[in-house]
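Subject: Handover of a structure and notes on its contents

Dear colleague,

Please find the structure below, together with its sequence.

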Amino acid sequence: MTSPKSGNHTDSVTQLDRVTIRFAGDSGDGMQLTGSQFTATTALFGNDVSTLPDYPAEIRAPAGSLPGVSGFQISFSSGDIHTPGDRPDVLVAMNPAALKVNIGDLVPGGGIIVNTDAFNDINLKKAGYAVDPLHDGSLQGYNLYEIPMSTMVTGACEGLGLTSKQIELTKNFFALGVMFWLYERSMAGTEKWIAEKFAGKEAIAEANKRALNAGYAFGETTEIFHTHYRVAPAHLAPGTYRNITGNEATALGFVMASKLAERDLFLASYPITPASDILHQLSSYKHLGIKTVQSEDEIAAIGAAVGAAYGGAMGMTTTSGPGMALKAEMLGLAVMVELPLVVVDVQRAGPSTGMPTKTEQGDLLMSMFGRNSDSPIPVIAPATPAECFTMAIEAWRIALKHMTPVVYLSDAFLATGAEPWKIPQASDLPSIAVENAPPSDRGGFRPYQRDPETLARPWAVPGTKGLEHRIGGLEKLDELGTVSYDPDNHHRMNLLRAEKVARVARDIPATEVWGDAEGELLILGWGSTYGSIRSATERLRERGKSVSHAHLRYLNPLPNDLGDILKRFKRVLLPELNLGQLRMLLRAKYLVDIVGFNLVRGKPFQIGEIEAKAESLLGESVEVSK
Amino acid sequence: MTQSELPVLTKKDFESDQDVRWCPGCGDYSILAQTQKTMPDFGVAKEEIVFISGIGCSGRLPYYMNTFGFHTIHGRAATIATGLKGARPDLMVWVITGDGDALSIGGNHLIHAMRRNVDMKMIMFNNRIYGLTKGQASPTSPIGKKTKSTPMGTIETPIIPLNLVAAAEASFIARSVDTHSEHLQEMMHRAGEHTGAAFLEVLQNCNIFNDGAWRDFTDKSVKEDRMLVLKHGEPMIFGAEKNKGIRLNGLQPEVVTIGENGVTTADLWVHDETDQDATRTQILSRMWWQEFRVPVGVFRRVPRPTHDQLLVAQIEDAKAARAAKGPVDLQRLLSGGETWTVS
């Protein structure tokens, strides 16, 4: 991906369009921090960025071991990018294990920056190296930069009265300093961050600052780097931007939804990776009136959310797959009592505990069908980290207007990945407010009398005079809401619940087809595969291929225009990070022979993988036409 | 609660239009009647009272109350009450549950609702059996109890509900009996008056699947001698002749006869509902016929800030702290830390 432009080497600066860097080290080495600092600075510089944190579930696996390696990949560009990059151009490896785990991904001829001080006998043995790879010629195909980082920071931090262990912890800032020099980034943002983070611990702050500066100076003064690199700011649409992860955008979206609905937000959640950050962030917004409860378990969390919704608040819960499995029965109750509710499932690799920090799209069918009986629930999915904001609002718009629980399917890649977000004007966003059922002195309140357009029932909250009524999980008599075992009524109620959700399709935007409206191949996707699919489609179209991309945000109900769109293409390819869940739904509904591309490795698709799959399908169709 | 505007309500105001469908002779009828009779006591408008239940025979009660009612799913009523009360501190929330619902499938939620001091009044109908599913052992069934699911007798030690909720720091703990209607009404009244998590165990008879589970000591003919009616500030005296009592020897309770071996009323354990240390509540909860007498009444009543009060207080504090820095700017919140502008 590193593509030097017109060989501009004056001032020892090489102009690049796009660079992908991976920081890798022990999970205690602060690689996530290093990566996010580089990201923040790079975003502020004006590049388009996309990131992929990749860390083990263990908080601290044994130091120096292969399972303990933590990585953070960032891709940044002067153009529009959609993914964190297939393969890194540069690998920063803080120890032998980090080198071993990541070297296979590096592009041929890519750069490797290593902390040589960590390449001692013990660490080499832990990483399973019989011989030191720095000296056995195995890295000949790469540009290897050997820096004794530990030694350098020891020198830089002399006289601060810190222990050698404390000083050793600053070496990630040294590495960051080197990278800042190499890519012409400013250190100001990170220096400010260090000052704030270590306020009151002046010696530690000073040590980190010195390490950062030492790294920068090392790049500048030593001759091991023959050049440094310039990636010009991207031409993003005018506006004010910030860098944002999917979980941050999701949390802010819910805050916004609460403002737009003029109702209190009530979040009850149980901690679970990779969803907990949404709970953390919303818990810090007490000054906005947001109530949060850390529940005793996943069931209690959704139970409290249902209770809050019953009381007229915006009750919601956040979780990941295993928690979603536990919430199934309560979701069924929410369907039965027809209360608005938003359940966030930040999907991770499964089944069971699976790989908690790794991404997957495996919970679609569970969200659709993972309840007893016919129990329809709208399901929506954001496509990019920044889009989590609008889709979080959208989840609430649907829940409130249609009086239904809504499942919002994010995933680990969206949740922790970051990209620039053009900050919307809060005052421009439309209201999503709905009314409670008004007080009445007529008696005979009918809690299941439906809105003729949406089939939503009234939101009759306790405390409203004259609306005393009883609801529950038992089947309801149509309109009256009293308990009913009448066979025809049950049939009618099941149809009504299905129709109510089906009518949400009248209330969602048309599906956008990027590229041509018809042609050889449509690549269809949902959720976090957006970036890889869009990039692959761009590349294929640049080569003149008849390929278009459509990305679904609404998975239940499906958009009304989807059937026609599918029929306008000779082939449809559906890449999913599962074994074909959406494909099964679409084939069943539209009788279209959609081709799946399914990988479940806990990682996002690489652009090249989708490109190659699409190429092979296009090749097949050529053969067919001959 | 709009108490000032409220017309005086009667039991009839709290009766819904639904036919009551429990087995004839079930103890639940009495509990329902006492519940309806007690409701006017609190001066709370009907629409501001919510009855939430789980699954089991007890779970039907909300349908028969002319208030707001939510018949939820098995074991989870406490979670829904936690959310409702958190979102709507203005409401009066009652939770109706049973021994299977609260102690088995909902055991975890019970513990946490109590420790959080969620301001709910939980009435647990304890009949030591699963009735709605037609007669399986429950967590309060005695060891050896033969049921359809335990044909050779249950091999599991029963839970002592009040011991459990005392360990979970419940701020109000009481026990009564379905057929002791005056006492039951009094206990419901006391539970309703309490601010915080109230737990009232009602010894209830399932005449179909576990008839006479409590008869040994609740029967009119023997209750004076076999039960101990707790009264705050009074020594623990029982017996038709009021000559028996409980003495606390260290942490060991013992039954004594007043007038024998120099025992006087002054030696007896004086009941203190407001005892902050739940240890003595637990000792009391473990006393049982025949070794001891079965205590009924208010075991514990201690003031403690409720979950919703604390939830709201933190929000008020955070708002005040934030207000000192100027009004909340939503646009700034969206912007977060650092931004850049592309023109």
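I begin with two domains of one chain: the centres of domain 2 of chain A and domain 4 of chain A, taken over C-alpha atoms, lie 27 Å apart. The model is a predicted one, in which local features need pLDDT of at least 70 and side-chain atom pairs count only at pLDDT 80 or more, while totals for chains, interfaces and linings use all residues. Residues are numbered from 1 along each chain as its sequence is written, and chains are lettered from A and ligands numbered from 1 in the order in which they are written.

**Domains of chain A**

Chain A is divided into domain 1 (10-231), domain 2 (242-423), domain 3 (435-507) and domain 4 (513-625); such bounds come from an automatic or database domain assignment. Two residues are in contact if their C-beta atoms, placed from the backbone, lie within 7 Å.

Helices (H or I, at least four residues) and strands (E, at least two) are DSSP runs, numbered from the N terminus.

**Chain A as a whole**

Chain A has 21 helices and 23 strands. Its C-alpha trace spans about 85 × 70 × 45 Å along the principal axes. The radius of gyration of chain A is 27 Å, which agrees with the value near 25 Å that a compact globule of 626 residues would have; this radius is taken over C-alpha atoms, and the globule rule is 2.2 Å times the number of residues to the power 0.38.

Of the 626 residues in chain A, 53% are buried. A residue is buried if 20 or more other C-beta atoms, placed from the backbone, lie within 10 Å of its own, exposed if 12 or fewer, and partly exposed in between. Among the contacts in chain A with a separation of 6 or more, 75% join residues 24 or more positions apart.

**Where the chains meet**

Chain B brings 50 residues into contact with 56 residues of chain A. The largest share of the side of chain B that touches chain A, eight residues, comes from α2(B). That side divides into 21 nonpolar, 20 polar and nine charged residues.

Strands also pair across the two chains: β17 (residues 470-472) of chain A runs parallel to β2(B), joined by three bridges. Strands pair if DSSP finds at least two bridges between them. In this pairing, A:Ile471 stands opposite B:Phe70.

**Nonpolar cores**

A nonpolar core is a set of buried Ala, Val, Leu, Ile, Met, Phe, Trp, Tyr and Cys residues joined through C-beta atoms within 7 Å. The largest has 236 residues, and B:Phe199 is among those with the most contacts inside it. Leaving aside neighbours within four places in sequence, B:Phe199 is in contact with residues including B:Met114, B:Val165 and B:Phe172. A second, separate core of five residues includes B:Cys26 and B:Phe209.

**A sheet and some backbone details**

In chain B, an open sheet of three strands has the order β10-β11-β12, with antiparallel pairing. Six bridges link β11 (residues 244-249) to β12(B), and B:Lys244 stands opposite B:Thr257. In the loop between β10 and β11 of chain B lies B:Lys242, which has a positive phi of about 55° although it is not a glycine. B:Lys242 is exposed, with 11 other C-beta atoms within 10 Å.

Most residues other than glycine have a negative phi, and most peptide bonds are trans. In chain A, the peptide bond from A:Thr273 to A:Pro274 is cis, with omega near 0°. The bond from A:Gly350 to A:Pro351 is also cis, with omega near 5°.

Yours sincerely

Methods
Ala, Val, Leu, Ile, Met, Phe, Trp, Tyr, Cys and Pro count as nonpolar, Asp, Glu, Lys and Arg as charged, and the others, Gly among them, as polar.
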